[in-house]
Amino acid sequence: MERVAQVIRVRPERIDEYRALHRDVPEAVLDTMRRCHIANYSIHLLGDRLFSYFEYHGDDLRADVARMAADEATQEWWKLTDPCQEPVEEAGPDGWWTPMEQVFLMK
């Protein structure tokens, strides 16, 4: 199992919209995430930063993320959520959700 933590900004004027969208995530989107071996997915908000965490239980995260991105329901969902977001400075020119370094894990 791989733990994945990521960060992105939420546009301050769209925080309420982003919260409202996530009160009713389409089941088809959630099912796709499950089929792509993603579990325990959560998103947290602090100021204008969103932090996401999930556990990946597959063998090829890159392939499963590509499979998820090809899903029609997920594409429609992202059309709603992406305008609420903007990359953090650390993302680089082509970044979106930016991976975070794990510096501690309690076992």
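This is a predicted model: local features need pLDDT of at least 70, side-chain atom pairs count only at pLDDT 80 or more; totals for chains, interfaces and linings use all residues.
Residues are numbered from 1 along each chain as its sequence is written, and side-chain values use heavy atoms, with hydrogens and water left out. Helices (H or I, at least four residues) and strands (E, at least two) are DSSP runs, numbered from the N terminus.

- In helix 4, which covers residues 72-81, the residues Thr74, Trp77 and Thr81 are buried.
- These three lie on the same side of helix 4 because they cover an arc of only 60° around the axis, the arc being that of the directions from the helix axis to the C-beta atoms.
- The buried residues of helix 4 pack against helix 1 (15-22), helix 2 (27-35), helix 3 (61-70) and strand 4 (85-86), where contact means heavy atoms within 4.5 Å.
- At the N-terminal end, helix 4 is capped by Asp71, which has a side-chain oxygen 3.3 Å from the backbone nitrogen of Ala73.

- The axes of helix 2 and helix 4 come within 8 Å and cross at roughly 120°; axes are lines fitted to C-alpha atoms, for helices over the stretch in contact, and angles run from 0 to 180 degrees between N-to-C directions.
- Helix 2 is therefore oblique to helix 4, given that angles under 35 degrees count as roughly parallel, over 145 as roughly antiparallel, 65 to 115 as roughly perpendicular and the rest as oblique.
- This contact is made by Ala28, Val29 and Thr32 of helix 2 together with Ala73, Thr74 and Trp77 of helix 4.
- Helix 3 and helix 4 pack at an angle of about 75°, with their axes 5 Å apart, which makes helix 3 roughly perpendicular to helix 4.
- Met68, Ala69 and Ala70 in helix 3 meet Glu72, Thr74, Gln75 and Trp78 in helix 4.

**Helix 1**

- In helix 1, the residues Ile15, Tyr18 and Leu21 are buried, and they lie on the same side of the helix because they cover an arc of only 125° around the axis.
- The partners of these buried residues include strand 1 (2-10), strand 2 (38-46) and helix 4.

Terms used: Buried means under 20% relative accessible area, exposed over 50%, partly exposed in between (1.4 Å probe, protein chains only). A polar contact is a pair of N or O atoms within 3.5 Å; within protein, one must be able to donate a hydrogen and the other to accept it, and residues adjacent in sequence count only if both atoms are side-chain atoms.
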